[in-house]
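The structure is shown first.

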Amino acid sequence: MSLKDDILIEHFLRNRLSKEEESQFLKRIELDEHFKEQFVIEKQLFETLNEEEWSFMGNVNTTEIEEYEKLFKSEETLELKKKLKEVSSNYKKNTRRKRIITFISSAAAIVFFVIGLNIFFTSTVDSKELYANNIELEKLPSFKNRGENNAEIHLITAEELFKEKKYKKSISVFDEFLMKNKSNSSVYIYKAIAHIELNQYKKGKNILDELIHSDLIDAEKGYWYKGLLFVKFNELENAKKTLNIIVEKSYFKNKEAKSLLEKL
């Protein structure tokens, strides 16, 4: 059925037709069996769903519809309605009982479609955005040169490379330091984040696990960055487990971990 007929039926159901138009409409129902069947379907939908849910012409300026239109344009809404009618028309020779079942199925399809949209809009988590908002690279501790040895100079160089996003080169310098000295937890954190920024999941996780299982004073910091690693790579269940450990044991960034858990 054409869009023009859709609008005509809607106007009739809303009592918007003139007396002459209404008379012609009723006459057409008597003469046109196909049009009559479509009218019955529309009327059932109109009576089952409330006016706001049934109409595809009204409410186009509401906030909810505007949000849906960002992903699902109005043509697709019309297409869904068209498909429902096509399914129903295939049963025009069936018994009334089968027509009722078809109608119920169609109505259920609409309900699940709307529920699906709501779930999509409320549950989708932008993992990379959450990671970016919490990693706070600018707040990482800086290495200071106290003029004691060349190792400290190397760490400053590695930090500069890191800040310039030359992560591969910074990792090489950090590796040289760790071969001789494993007592600085910040080196583990810088190196792990460099791997994460390069999307090297396994290497980033391994270096953080090494920090977590070390006897360094700041070993607990590894949990926070491991949680962020899981978030970035969309391993949300592992992220929740790690963040819960931070909250339960009041580890480093426990308040931030609690806030992040609420967003997951």
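On the side of helix 11 the contact involves I189, I193, I196 and E197, and on that of helix 13 K221, Y225, L229 and K232; contact means heavy atoms within 4.5 Å. By class, this contact has 5 nonpolar, no polar and 3 charged residues. Here Ala, Val, Leu, Ile, Met, Phe, Trp, Tyr, Cys and Pro count as nonpolar, Asp, Glu, Lys and Arg as charged, and the others, Gly among them, as polar.

The model is predicted: local features need pLDDT of at least 70 and side-chain atom pairs count only at pLDDT 80 or more, while totals for chains, interfaces and linings use all residues. Residues are numbered from 1 along each chain as its sequence is written, and side-chain values use heavy atoms, with hydrogens and water left out.

The chain contains 15 helices and 0 strands, taken as DSSP runs (helices H or I, at least four residues; strands E, at least two) numbered from the N terminus. Of its 264 residues, 36% are buried. The average pLDDT, the predictor's confidence per residue from 0 to 100, is 79, and 67% of the residues score at least 70. Over residues 50-62 pLDDT stays under 50, and the model has 24 contacts beyond four places in sequence for that stretch.

Two residues are set out below; buried means under 20% relative accessible area, exposed over 50%, and partly exposed in between.

| Residue | Relative accessible area | Class |
|---|---|---|
| H154 | 38% | partly exposed |
| K191 | 13% | buried |

H154 lies in helix 9 (residues 150-163). Leaving aside neighbours within four places in sequence, H154 contacts V173 and E176. F177 is 23 residues from H154 in sequence, with a C-alpha to C-alpha separation of 7.6 Å. K191 belongs to helix 11, and its contacts, with neighbours within four places again left aside, are I171, F174, D175, L178 and I207.

Notes: Buried < 20%, exposed > 50% of the residue type's maximum accessible area, 1.4 Å probe, protein only.
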